[in-house]
Amino acid sequence: MLSPDQIATVKQTIPVLEAHGETLTRHFYTRMFAHNPEVKPYFNPAHQREGAQQRALAGAILAYARHIDDTAALAPAVEVIAHKHASLTIRPEHYPIVGENLIASIQEVLGDAATPEILDAWQAAYAQLAAVFIGREHELYTQQRETQGWAGFLAFTIVRRQMESENIVSLYLAPSDGRKLPTHAAGQYVTLRLTDAAGNWLMRQYSLSNAPGSETYRLSIKHETGNAEQPAGQVSPQIHATLAEGDQVELTPPYGTFELTLPEDPARPVVLIGGGVGITPLISMAHAALAASPERRVVMIQLARHAGVRAFGEELAELTRTHANFSLHLCYDEPRAGVPADSVAGIKQGLLEAADLTAWVDDPAASYHVCGPLPMMRALDRLLAEQGVSAENRHYECFGPGQVLAS
């Protein structure tokens with residue numbers, strides 16, 4: 001437990017963190033990768049290059065300082081991060097590495113302003129937070145061993161490969177040892193591990209896109225080619241170019257807190273809004289929601305640049321044909337000439353707007369699950385709030401390093 005003086009000292013650093021948090025975290029990652037290169041495989045270099053990892057950590061440190069005397073307020077964020085850590089197989093021995101480099105970075109960035117009192121307070125604060133994560137991650141590992149049968153990485157074989165769109169490929173994976181897969185929760189993800197040409201580990205987290213209870217896991221992976229604002233991926237090009245049926249990779253058990261939430265009242269609809277590759281956890285949710293109730297309305301709204309990059313067209317069309325309570329609506333923000341039109345009634349050319357939600361859902365009590373790029377989700381969060389959808393009925397998943405909706 002932190003002493004009252006240590007708590008007060010941590011709070012006194014809030015203005016410094018507000019002004020210089022990203023400077024500190026950029027220095028921290030550079031220092032840690034130089035002094036402890038063994039931890040580099042646990043981090044996505046694309047997130048480092050674009051600054052997302054640094055911003056996320058700066059935000060997390062600032063939030064921790066603000067709530068240092070009421071850490072229960074951070075419980076939802078801690079749970080999300082603990083699941084990500086467990087999926088990457090983070091262990092207790094990793095925490096001293098982070099702590100030593102963080103405290104050294106505070107001292108090196110702040111210089112003389114990093115008094116012995118500040119360093120002592122942040123050492124105690126970090127030790128407290130590390131203990132919380134280590135304890136929760138131990139619980140998750142134990143739970144996975146008991147329910148899934150393994151807690152680290154397990155060999156899987158690619159039994160089928162299928163292109164879902166111009167830029168998304170699905171890999172169907174079965175345990176190489178022939179074991180039966182336990183049912184995952186719709187919305188969960190796994191970590192895929194493979195090696196590069198030099199034999200270095202490459203790890204990335206991907207949502208499970210298949211119906212819960214399937215005999216295989218399906219991962220649907222976008223080829224991240226990069227653009228002026230976002231660097232190209234390191235792992236997805238290798239997956240698209242080299243992985244074939246019969247190849248082996250390693251997977252962790254499913255983790256994640258973005259699980260399907262069905263309202264108790266079957267008259268309340270479930271609305272699934274997916275942008276781009278964000279459709280992957282939502283199609284799993286669609287299967288789960290339809291299997292749970294043939295009565296409840298399930299509304300899928302799929303946002304894509306154009307029909308060529310829209311995934312799961314046939315699968316979603318089949319759900320529309322076979323389930324009277326399922327409706328599908330599309331929004332294309334960059335219609336492209338020469339791409340065949342979809343045979344879906346509700347196609348919107350342009351961004352999703354309030355009038356579309358009124359026409360397609362018209363129920364502020366519906367439960368919304370949204371997944372896609374962070375700017376899209378922030379805009380939709382504001383739109384849903386303006387439509388009277390309560391915070392407890394708005395559920396989000398962002399692919400990235402601890403991203404939050406708050407701007």
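Reply: A residue is called buried when its relative accessible area is under 20%, exposed when it is over 50%, and partly exposed in between, using a 1.4 Å probe and protein chains only. This is a predicted model, in which local features need pLDDT of at least 70 and side-chain atom pairs count only at pLDDT 80 or more, while totals for chains, interfaces and linings use all residues. Residues are numbered from 1 along each chain as its sequence is written, and side-chain values use heavy atoms, with hydrogens and water left out.

Me: Is Cys-331 buried or exposed?

Reply: Cys-331 counts as buried, because its relative accessibility is 2%. Cys-398 is also buried, with a relative accessible area of 14%.

Me: How many disulfides does the model have?

Reply: A disulfide is a pair of cysteine sulfur atoms within 2.5 Å. By this rule there are zero. For Cys-331, the nearest cysteine sulfur belongs to Cys-371 and lies 16 Å away.

Me: Which residues is Ile-168 in contact with?

Reply: Contact means heavy atoms within 4.5 Å. Leaving aside neighbours within four places in sequence, the partners of Ile-168 include Met-163, Ser-220, His-240 and Ala-311. Ser-220 is 52 residues from Ile-168 in sequence, yet their C-alpha atoms are 6.2 Å apart. Ile-168 is itself buried, at 2% relative accessible area.
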